[in-house]
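User: I'm new to this structure and would like to learn how to read it. Could you walk me through it one feature at a time?

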Amino acid sequence: LLKSATSVPPVLQHDGPIQENIFTGKDANVLRFPVPKLHRDDGGRYLGTADAVITRDPDAGWVNLGTARVQVLDEQRVSLYVSPGKQTRLIAQKYWDQGKSCPVAVICGIDPVLFAVAGLGLPWGASEYDLAGHIQKSPVKVVKEEMTASSEIVLEGEIPPPDVESEMEGPFGEWTGYYASGTRPSPLIRVKAVYHKDDPILTVLPDFKTYPLSSY
């Protein structure tokens, strides 16, 4: 697929369903969403599991999408676990090396095609948006250049350098409920804006043995 793929860049439009509700500043409260605890031994509640974390390379300007765990800390902070060596982390490091925070958007409730490509790990400099456009045979529609127009929930903010500010993240039971790691210091996102559709849908996979549907 990757060898035969034709790049289909996203199309920027002025507005979209994700802009039906916009909250900024002190009103950008992550706790407005009933974020679930998915497994009994999880370290907290996770807004981002089936998500895409969007960053832009400060040198070449290309946009990267990667899947990462996003744990709610408080009203305007979430922790971000990204494995070492992943492109999201490498891009953020470029900002950190300059003493800057890394701009970021977290998309929750995304099209299955975007979720699939966000977890692939494309070659450096190749945007998952372009591959998604190829797969679906039409450009991905975005607003503000990076945010998908049809997302359910988007958190927009910045990732401070970890030596300036970090928090403990985890553990998390992954999609199988299997715990591969414990709690560790992780970068965090300071949320500057929250966008969501009317009646947004959060895509998660809970442990129904521990938390049956009747408990939600």
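Predicted model: local features only at pLDDT ≥ 70, side-chain atom pairs only at ≥ 80, totals over all residues.

User: Good. How many helices and strands does the protein chain have?

Analyst: Helices (H or I, at least four residues) and strands (E, at least two) are DSSP runs, numbered from the N terminus. Here the protein chain has 3 helices and 14 strands. The C-alpha trace spans about 45 × 40 × 35 Å along its principal axes, and 44% of the 216 residues count as buried.

User: What share of the contacts comes from residues 24 or more positions apart?

Analyst: A contact means heavy atoms within 4.5 Å. Of the contacts in the protein chain with a separation of 6 or more, 75% are between residues 24 or more positions apart.

User: How many aromatic pairs turn up in the whole structure?

Analyst: Rings of Phe, Tyr and Trp (its six-membered ring) pair if their centres lie within 6.5 Å; planes under 30 degrees apart are stacked, over 60 edge-to-face, and the rest tilted. The search finds 2 such pairs. In one of them, Y46 and F172 have ring centres 4.4 Å apart and planes at 45°, so this pair is tilted. Y46 sits in strand β3 (residues 46-48) and F172 in the loop between β12 (167-169) and β13 (184-186), so the pair ties together parts 126 residues apart in sequence. F172 is buried too, at a relative accessible area of 5%.

User: And how are the planes of W62 and W124 arranged?

Analyst: W62 and W124 are edge-to-face, 5.0 Å centre to centre with 80° between the planes. They link distant parts of the chain, 62 residues apart: W62 is in the loop between β4 (51-56) and β5 (63-66), and W124 in the loop between α2 (112-118) and α3 (128-136). W62 counts as buried at 10% relative accessibility, while W124 counts as partly exposed at 42%.

User: Which residues of helix α1 are buried?

Analyst: To read a helix, check its buried residues and then what covers them. In α1 (residues 87-97), the buried ones are Q87, T88, I91, A92, Y95 and W96. Their cover includes β4, β5, β8 (102-108), α3 and β11 (153-159). In α3, the buried residues are E128, Y129, D130, L131, A132 and G133.

User: What does V63 touch?

Analyst: V63 lies in strand β5 and is buried, with a relative accessible area of 9%. Leaving out residues up to four places away in sequence, V63 touches I54, T55, R56, S127, E128, Y129 and E146.

User: Which residues does a cis peptide bond join?

Analyst: For backbone details, look at the omega and phi angles. A cis peptide bond joins G170 and P171, with omega about -5°, and P171 lies in the loop between β12 and β13.

User: Where does K137 lie?

Analyst: K137 is in the loop between α3 and β9 (141-143). K137 is not a glycine, yet has a positive phi of about 60°, and K137 counts as exposed at 74% relative accessibility. D199 also has a positive phi, near 50°, in a residue other than glycine. D199 is found in the segment after β14 (188-196) and is exposed, with a relative accessible area of 71%.

Terms used
Residues numbered from 1 in each chain as written. Heavy atoms only, no water. Buried < 20%, exposed > 50% of the residue type's maximum accessible area, 1.4 Å probe, protein only.
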